Amino acid sequence: MDVRSTVRAVTRRRTNVLEVAYQMSSAVSTRTPTGVLELAVEQVLASMRPAALGDPVVGARRAEESLRDALRDAGPVDDNIALQNALACAEAACEHLKYCEIQEARTLLTAARGQLVLAHERA
């Protein structure tokens, strides 16, 4: 087994574990917009680590799809400015993922994670 196939196998296992954890935690969570977005941001950040990316194009497409699903599931946002900022960062990250601009997307998702921390404090 060469290095690339080993990396792909590890990436597939890690992605499967993250998907199961995401599904389990979202089934248990209260499904608040903050919780939904927070889970998606963490999942996408974990799946886009340099060690986790086997094929950057495929990884970016999967991450974009996952993030767009979470943005749809987040639903309407109340008057929580930090949550609105987090949603804006996540939407911008989706646009960067569309063009496989992974570093830019990671930067925006890290900013979204910081805004989600503030959103929890203000909720």
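This is a predicted model: local features need pLDDT of at least 70, side-chain atom pairs count only at pLDDT 80 or more; totals for chains, interfaces and linings use all residues.

**Entry 1: layout.** I counted the elements first: the protein chain has 5 helices and 0 strands. Helices (H or I, at least four residues) and strands (E, at least two) are DSSP runs here, numbered from the N terminus. From the N terminus on, I read the order as α-α-α-α-α.

Residues are numbered from 1 along each chain as its sequence is written, and side-chain values use heavy atoms, with hydrogens and water left out.

I looked up burial next. Of the 123 residues of the protein chain, 35% count as buried. Buried means under 20% relative accessible area, exposed over 50%, and partly exposed in between (1.4 Å probe, protein chains only).

I also checked how far along the sequence the contacts reach. Among contacts between residues at least 6 apart in sequence, 69% join residues at least 24 apart. A contact means heavy atoms within 4.5 Å.

**Entry 2: the core.** Which residues touch the most other members of the largest nonpolar core? I found L37, V41, M48, L67, L97 and L109, out of 28 residues in that core. α2 (33–47), α3 (56–74), α4 (81–98) and α5 (102–122) each supply at least two of its residues. α4 gives the most, with 9 residues. For the record, a nonpolar core is a set of buried Ala, Val, Leu, Ile, Met, Phe, Trp, Tyr and Cys residues joined through side-chain atoms within 4.5 Å. In soluble globular proteins, nonpolar side chains tend to be buried together.

I followed up on L97. Leaving out residues up to four places away in sequence, L97 touches M48, A60, R61, A63, E64, L67 and A105.

**Entry 3: α4 against α5.** The axes of α4 and α5 come within 8 Å and cross at roughly 165°. Axes are lines fitted to C-alpha atoms, for helices over the stretch in contact, and angles run from 0 to 180 degrees between N-to-C directions. The two helices, α4 and α5, are therefore roughly antiparallel to each other. (Angles under 35 degrees count as roughly parallel, over 145 as roughly antiparallel, 65 to 115 as roughly perpendicular and the rest as oblique.)

α4 passes α5 in a left-handed crossing. Left-handed is the word if the near helix is turned anticlockwise from the far one by less than a right angle, and right-handed if clockwise. On the α4 side, the contact residues include A82, L83, A93 and L97, and on the α5 side they include A105, L108, L109 and R122. By class, I have 16 nonpolar, 3 polar and 2 charged residues in this contact. Ala, Val, Leu, Ile, Met, Phe, Trp, Tyr, Cys and Pro count as nonpolar, Asp, Glu, Lys and Arg as charged, and the others, Gly among them, as polar.

**Entry 4: α2 and its partners.** The axes of α2 and α5 come within 10 Å and cross at roughly 150°. α2 and α5 are therefore roughly antiparallel to each other. Their crossing is left-handed. Among the residues that meet are L37 and V41 in α2 and L109 and L116 in α5. The residues of this contact of α2 with α5 divide into 8 nonpolar, 3 polar and 4 charged.

For α2 and α4, the axes come within 11 Å and cross at roughly 35°. This crossing of α2 and α4 is left-handed. P33, T34 and L37 of α2 make the contact with L83, A86, L87 and A90 of α4. By class, that is 6 nonpolar, 1 polar and no charged residues.

**Entry 5: single residues.** Is A93 buried or exposed? A93, in helix α4, counts as buried at 0% relative accessibility. Not counting residues up to four places away in sequence, A93 touches L67, A105, L108 and L109.

C94 also lies in helix α4, and C94 is buried, with a relative accessible area of 0%.

C100 has a positive phi of about 60° although it is not a glycine. At 25% relative accessibility, I noted C100 as partly exposed.
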